[in-house]
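Please look at the sequence and the structure below.

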Amino acid sequence: QVQLVESGGGSVQAGGSLRLSCAASGYTYPPNCVGWFRQTPGKEREGLALIFTYGGNTYYPDSVKGRFTISQDNARNRFYLQMNNVEPEDAAMYYCAADRSPERLCQARLLTAEYLYWGQGTQVTVSS
């Protein structure tokens, strides 16, 4: 089992920055990948970024490249999503999720939001 708890959400002004945090626990061996997702009412969950915990390689879908950065702190079992130049369209519930799949499946499942373990989410609102 992998438990995930997000934090760091809140209100941010358009153009500003925000860093979301995900605390992971409950495992002896880390999951192979951790991803960040977001969802707004009436829309499907969208994959934003993933990091492979063994090695630290990252992947971003073309739709979000440039403004979001995923990182990890192995010593603290924490994963972060740095959001820069925030736009009103970034307002959403943000989730971190983890999976034990091989690299290719982690990447594919980021796009379909099919990771195995999920946190409860943290809300981000954007003021203009």
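What follows goes from the sheet to the helix.

This is a predicted model, in which local features need pLDDT of at least 70, side-chain atom pairs count only at pLDDT 80 or more, and totals for chains, interfaces and linings use all residues. Residues are numbered from 1 along each chain as its sequence is written, and side-chain values use heavy atoms, with hydrogens and water left out.

Strands of a sheet pair through backbone hydrogen bonds, either parallel or antiparallel. Here, helices (H or I, at least four residues) and strands (E, at least two) are DSSP runs, numbered from the N terminus. Two strands count as paired if DSSP finds at least two bridges between them.

Four strands make up an open sheet with antiparallel pairing, in the order 1-3-8-7. Strand 1 (3–7) and strand 7 are at the edges with a single partner strand each, so one side of each has no neighbour in the sheet. On average, neighbouring strands of this sheet are turned by 20° against each other, direction ignored; the axes behind this angle are lines fitted to C-alpha atoms, for helices over the stretch in contact, and angles run from 0 to 180 degrees between N-to-C directions.

Strand 1 is joined to strand 3 (residues 18–25) by five bridges, and the two run antiparallel. Glu-6 has Cys-22 in strand 3 as its bridge partner.

Gln-72 is bridged to Phe-79 in strand 8. The hairpin of these strands has four residues between them, and Asn-77 takes a positive phi near 50° there.

Leu-111 belongs to helix 1 (residues 103–112). Beyond its neighbours within four places in sequence, Leu-111 is in contact (heavy atoms within 4.5 Å) with Tyr-59 and Pro-61. Glu-46 is 65 residues from Leu-111 along the chain, yet their C-alpha atoms are separated by 6.9 Å.
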